[in-house]
Amino acid sequence: MITEIAHIRINSGDEEAFEAAVAEAVPVFRAAAGCRSVRLVRSVEDPLLYRLLVEWETVEHHTAIFRSSEGYARWRELVGPHFAEPPAVEHVIDVLPL
């Protein structure tokens, strides 16, 4: 299992609308092949900076399968207008289970 971490900076004043759009998109992720969970967190120090944490079975479930799906297009349609800049995405694996 891998975790996708999307670093998302949004436009000032879009906080409520962005969070509502992500909430609307949660079923899109839950229906995606290989998606195990999705979570949105917000920076305390920088309230316009969010992290979307998605657990995938493999990197390919995110990069090849989800990104070429209608679900991904819907996700971008919902949240894209709120982005202040393109999100930075990384994939991580657990190395020390706690």
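From the N terminus on, the elements of the protein follow the order β-α-β-β-α-α-β. That comes to three helices and four strands. The model is predicted.

**The sheet**

- The four strands build an open sheet, and their order across it is β2-β3-β1-β4.
- Pairing in this sheet is antiparallel.
- β2 (35–42) and β4 (88–92) stand at the edges. Each has a single partner strand, so one side of each lacks a neighbour in the sheet.
- On average, neighbouring strands of this sheet are turned by 15° against each other, direction ignored.

**The β2 and β3 pair**

- Seven bridges join β2 to strand β3 (residues 49–56), in the antiparallel sense.
- Cys 35 stands opposite Trp 56 in β3.

**A helix on the sheet**

- Helix α1 (residues 15–31) packs on the sheet.
- Helix α1 touches β1 (2–9), β2 and β3.
- The direction of α1 makes about 175° with that of β2.

**Overall shape**

- The protein has a radius of gyration of 13 Å. A compact globule with 98 residues would have one near 13 Å, so the two agree.
- Taken along the principal axes, the C-alpha atoms fill a box of roughly 35 × 35 × 20 Å.

**Contacts, burial and surface**

- Take the contacts between residues at least 6 apart in sequence: 71% of them join residues at least 24 apart.
- Of the 98 residues, 37% are buried.
- The accessible surface comes to about 5900 Å². Carbon and sulfur atoms account for 53% of that surface.

Methods. Residues are numbered from 1 along each chain as its sequence is written. This is a predicted model: local features need pLDDT of at least 70, side-chain atom pairs count only at pLDDT 80 or more; totals for chains, interfaces and linings use all residues. Side-chain values use heavy atoms; hydrogens and water are left out. Two strands pair if DSSP finds at least two bridges between them. Helices (H or I, at least four residues) and strands (E, at least two) are DSSP runs, numbered from the N terminus. Axes are lines fitted to C-alpha atoms, for helices over the stretch in contact, and angles run from 0 to 180 degrees between N-to-C directions. Contact means heavy atoms within 4.5 Å. The radius of gyration is taken over C-alpha atoms; the globule rule is 2.2 Å times the number of residues to the power 0.38. Buried means under 20% relative accessible area, exposed over 50%, partly exposed in between (1.4 Å probe, protein chains only). Accessible areas come from the Shrake-Rupley method with a 1.4 Å probe; for residues, only the protein chains shown count as cover.
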